[in-house]
Amino acid sequence: MATSPGSSSGSSSGVSSSASPPGALGAGAALDIRTRSVEQTLVPLVSQITTLINHKDKPKRSDKTLQAIQRVGQAVNLAVGRFVTVGEAIANENRELKEEMNIACIEAKRAGETIAHLTDVANLDHPESDGRITIFTDKTQVVKAARLLLSSVTKVLVLADRIVIKQIITSRNKVLATMEQLEKVSSFQEFVQVFSQFGNEMVEFAHLTGDRQNDLKDEKKKARMAASRAVLEKCTMMLLTASKTCLRHPDCESARVNKEGVFHRMRLALEQVIEIVTDSRPNGENNMAPLSIYTGIKEFKNKVEGLRENLYFPSKENLSTMLELILEHTEDFTDSAYTSHEHRERILELSKQSKMELEHLVSVWMQAQNQRMKDIAEDLEVAILKTCQCINELKRELHSAATSMAAELLKYHADHMVLKTLKITGVEGNLEAVAEYTCKLSEQKEQLVEMCHLLRHVSGTEPLEITCIHAEDTFRVTGPQIISAAETLALHPSSKIAKENLDVFCEAWESQLSDMSILLREINDVFEGRRGEKRVYLSLPRPGKHNANLKALKPVKLDTEEQAKIAKLGVELHLLTSDIDSETEKWEDQENEIVRYGQSMSSMAYSMYLFTRGEGLLKTTQDLFNQAEIFATEATKLVSTLHAFSNQLEDDDKPLLLLKIDKLIPVCQQLQITAKTTVQGKNATFIKVDACIQKTKVVMTILSQILPLCYKLLRKQKAGNGYLRSPPPWRENRIQTKINGESLEGKTEAFGVISLEHHVANLTFLESK
């Protein structure tokens with residue numbers, strides 16, 4: 001059983017309360033924030049306090065400076081006052097946490113008042129010699145108050161988050177209790193009453209877990225939650241028809257097996273939701289999936305490339321073990337009956353070559369440890385690049401093998417012929433034909449399970465890997481359930497309930513096949529650098545459309561030496577894209593134009609980073625130049641949007657933003673000119689590549705400063721003079737669920753709340769014959 005809310009520590013809540021405040025408030029570890037709602041509450045507060053503490057001490061302070069400091073101090077105090085009011089209201093509704101919550105609220109209120117007092121102009125006007133303590137005479141007092149404030153606010157948030165977790169656990173327990181009743185009912189009348197109650201409880205559970213899923217920051221946990229909730233959504237309808245079938249045919253063994261399978265799967269999904277919410281495993285178990293090839297290759301390349309910076313970093317045995325583990329997993333491909341002969345031979349050849357390249361790298365590396373000569377360093381660089389290039393080719397071959405096999409299988413099974421025949425033969429009561437086609441369905445299930453297993457190896461991101469695992473599990477479980485439902489129908493061919501039950505399980509199978517097509521597309525997007533797990537931005541132009549010089553220029557690929565020179569620059573660009581992605585994720589309104597331009601520019605910069613590694617969509621230098629030109633155009637559009645945003649701001653807030661915009665404009669123009677300039681010769685081309693990436697890096701650096709500034713100004717604009725609005729009631733639906741029919745995440749995110757409510761509301765009179 002999962003940890004109870006009363007005993008759960010900070011680790012199972014949205015934030016760890018034991019961590020030290022970030023930034024200027026201490027040198028300790030940063031806050032471990034796990035949910036967006038907690039982050040959106042804390043970040044503005046941290047920002048304002050940091051502004052106070054980091055102010056420059058000057059002998060002469062203008063009235064404007066004094067007034068600004070006082071405004072910030074008062075804003076913090078007012079915001080804390082509103083926050084405390086909400087905390088006290090929560091405490092009054094939850095007696096078991098009332099004492100802890102009230103203590104934290106009192107501490108927060110006292111700290112807020114202290115900050116307001118230390119920044120009060122009335123105190124600042126007195127000479128410092130009269131003994132009064134102000135922010136200028138003793139900054140340590142402000143630091144102490146700030147630490148106390150952040151500590152107490154964080155504690156309030158942890159306690160409030162524990163209440164949310166408790167609500168989910170309580171809701172789960174109600175669902176489980178009603179499920180036990182459903183298993184024991186013996187009449188249709190009793191079943192209708194209990195299932196109506198069960199449906200209402202599932203709707204409540206759906207709302208609570210949907211809010212939590214949207215609030216999670218960890219994409220891996222979010223994907224696991226989505227998978228569990230998808231199981232619950234589909235199983236709710238399965239439970240209805242399977243239970244009805246069992247009641248209609250109580251002596252039918254296949255109907256009983258079918259029903260028990262649904263109840264078992266629902267219980268597992270409910271338990272996994274609680275594991276995610278409480279951040280725990282039952283009995284300390286560790287049920288992590290085996291390492292995938294894409295993860296193994298990523299870690300191996302990081303170790304190999306780390307040799308550039310630190311010759312003594314990994315041992316040769318460590319590198320060899322990592323490669324052996326990767327090659328061991330490739331046996332899943334070479335042993336598969338569905339891998340083509342060409343793919344199998346190529347995978348074996350590249351595996352052998354990877355071993356040879358690593359052996360050579362280890363040999364050069366050992367020499368480099370003893371000799372610091374320039375030639376040795378160059379040999380080491382070439383060996384590193386060759387090893388990485390070989391492992392990249394292996395990754396590309398594995399991806400091609402998995403995705404081509406998946407595409408063929410999905411196309412072959414798109415007509416659902418086996419399911420259609422099972423339905424027909426079941427209605428006919430043809431037990432022999434049903435047995436024949438259940439064997440064919442079992443074969444199809446094994447093919448699809450293996451397809452999911454291989455796709456997981458090349459999925460490219462942890463959320464997509466989890467989706468592959470979920471799909472594999474769905475095919476493995478649903479196949480036998482369809483077989484038991486078909487056997488029941490064949491034994492009772494005139495039963496409408498048995499036919500309805502088979503239809504429901506077949507629909508689940510067809511739905512999963514449809515989802516696999518979307519999943520396959522997303523895996524290909526990630527592999528090609530389109531980053532399918534985020535907003536897709538395909539920025540490559542069609543030849544001749546954007547560049548008049550395109551036809552006259554011969555596309556060039558960088559050689560090994562040139563790639564080595566820009567590798568470090570590429571890594572710096574990659575770090576900036578991560579910073580931008582982190583900033584854009586903070587915005588509540590993901591459709592805001594500033595966010596959208598930031599996301600698209602980050603996506604294009606990421607493609608340019610992949611180019612420095614010899615990966616992704618940008619294959620030639622001309623592709624890179626086209627991308628750089630479009631990137632500059634996108635940045636110019638962002639400038640226009642930023643100007644429009646600045647016009648909505650108060651005069652005091654404009655200067656800093658306009659200063660950043662003024663820095664951005666000339667760099668964008670320089671990048672456009674550089675990208676359009678025609679060059680001839682290998683050396684000139686490389687200089688142009690370097691210049692384009694350098695200028696892109698400058699633009700991204702400025703963008704990483706603009707986004708948090710705009711976020712802060714937008715929150716200030718919405719909140720009036722206060723920087724921190726009171727948080728919404730914890731039981732409200734804080735984030736509106738967006739349903740996007742073109743992505744897997746969107747399909748599972750809504751958890752069928754509307755359809756569930758529809759099923760419950762329209763639960764009609766069950767057959768009595």
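The following questions and answers concern a predicted model of a protein chain.

Q: What secondary structure does the protein chain have?
A: The protein chain has 24 helices and zero strands.

Q: What share of the residues of the protein chain counts as buried, and what makes a residue buried?
A: A residue counts as buried when its relative accessible area is under 20%. By that criterion, 53% of the 769 residues of the protein chain are buried. The chain exposes about 35,600 Å², of which carbon and sulfur atoms supply 52%.

Q: Which share of the contacts with a separation of 6 or more joins residues 24 or more positions apart?
A: Such residues account for 77% of these contacts in the protein chain.

Q: Why is helix α14 called roughly antiparallel to helix α15?
A: Helix α14 (residues 417-428) packs against helix α15 (residues 431-457) at an angle of about 160°, and their axes are 9 Å apart. Angles over 145 degrees count as roughly antiparallel; therefore α14 is roughly antiparallel to α15. The crossing of α14 past α15 is left-handed.

Q: Which residues make the contact of α14 with α15?
A: On the α14 side they include Val-418, Leu-419 and Leu-422, and on the α15 side they include Ala-433, Val-434 and Leu-441. By class, this contact has seven nonpolar, five polar and one charged residues.

Q: What makes helix α7 roughly parallel to helix α16?
A: Helix α7 (residues 219-248) and helix α16 (residues 462-491) pack with an angle of about 10° and with axes 9 Å apart. Angles under 35 degrees count as roughly parallel, so α7 is described as roughly parallel to α16.

Q: Which residues of α7 and α16 meet, and how do they divide by class?
A: Among them are Glu-219, Lys-220, Ala-223 and Arg-224 in α7, which meet residues of α16 including Glu-462, Pro-463 and Ile-466.

Q: Why is Lys-109 called partly exposed?
A: The relative accessible area of Lys-109 is 44%. Buried requires under 20% and exposed requires over 50%, with partly exposed in between; therefore Lys-109 is partly exposed.

Q: Where does Lys-109 lie, and which residues does Lys-109 touch, not counting residues up to four places away in sequence?
A: Lys-109 lies in helix α3 (residues 95-118). With those sequence neighbours not counted, Lys-109 touches Val-80 and Val-84. The C-alpha atoms of Lys-109 and Leu-149 are separated by 7.9 Å, while the two residues are 40 residues apart along the chain.

Methods
Residues are numbered from 1 along each chain as its sequence is written. This is a predicted model: local features need pLDDT of at least 70, side-chain atom pairs count only at pLDDT 80 or more; totals for chains, interfaces and linings use all residues. Side-chain values use heavy atoms; hydrogens and water are left out. Helices (H or I, at least four residues) and strands (E, at least two) are DSSP runs, numbered from the N terminus. Buried means under 20% relative accessible area, exposed over 50%, partly exposed in between (1.4 Å probe, protein chains only). Contact means heavy atoms within 4.5 Å. Accessible areas come from the Shrake-Rupley method with a 1.4 Å probe; for residues, only the protein chains shown count as cover. Axes are lines fitted to C-alpha atoms, for helices over the stretch in contact, and angles run from 0 to 180 degrees between N-to-C directions. Angles under 35 degrees count as roughly parallel, over 145 as roughly antiparallel, 65 to 115 as roughly perpendicular and the rest as oblique. A crossing is left-handed if the near helix is turned anticlockwise from the far one by less than a right angle, and right-handed if clockwise. Ala, Val, Leu, Ile, Met, Phe, Trp, Tyr, Cys and Pro count as nonpolar, Asp, Glu, Lys and Arg as charged, and the others, Gly among them, as polar.
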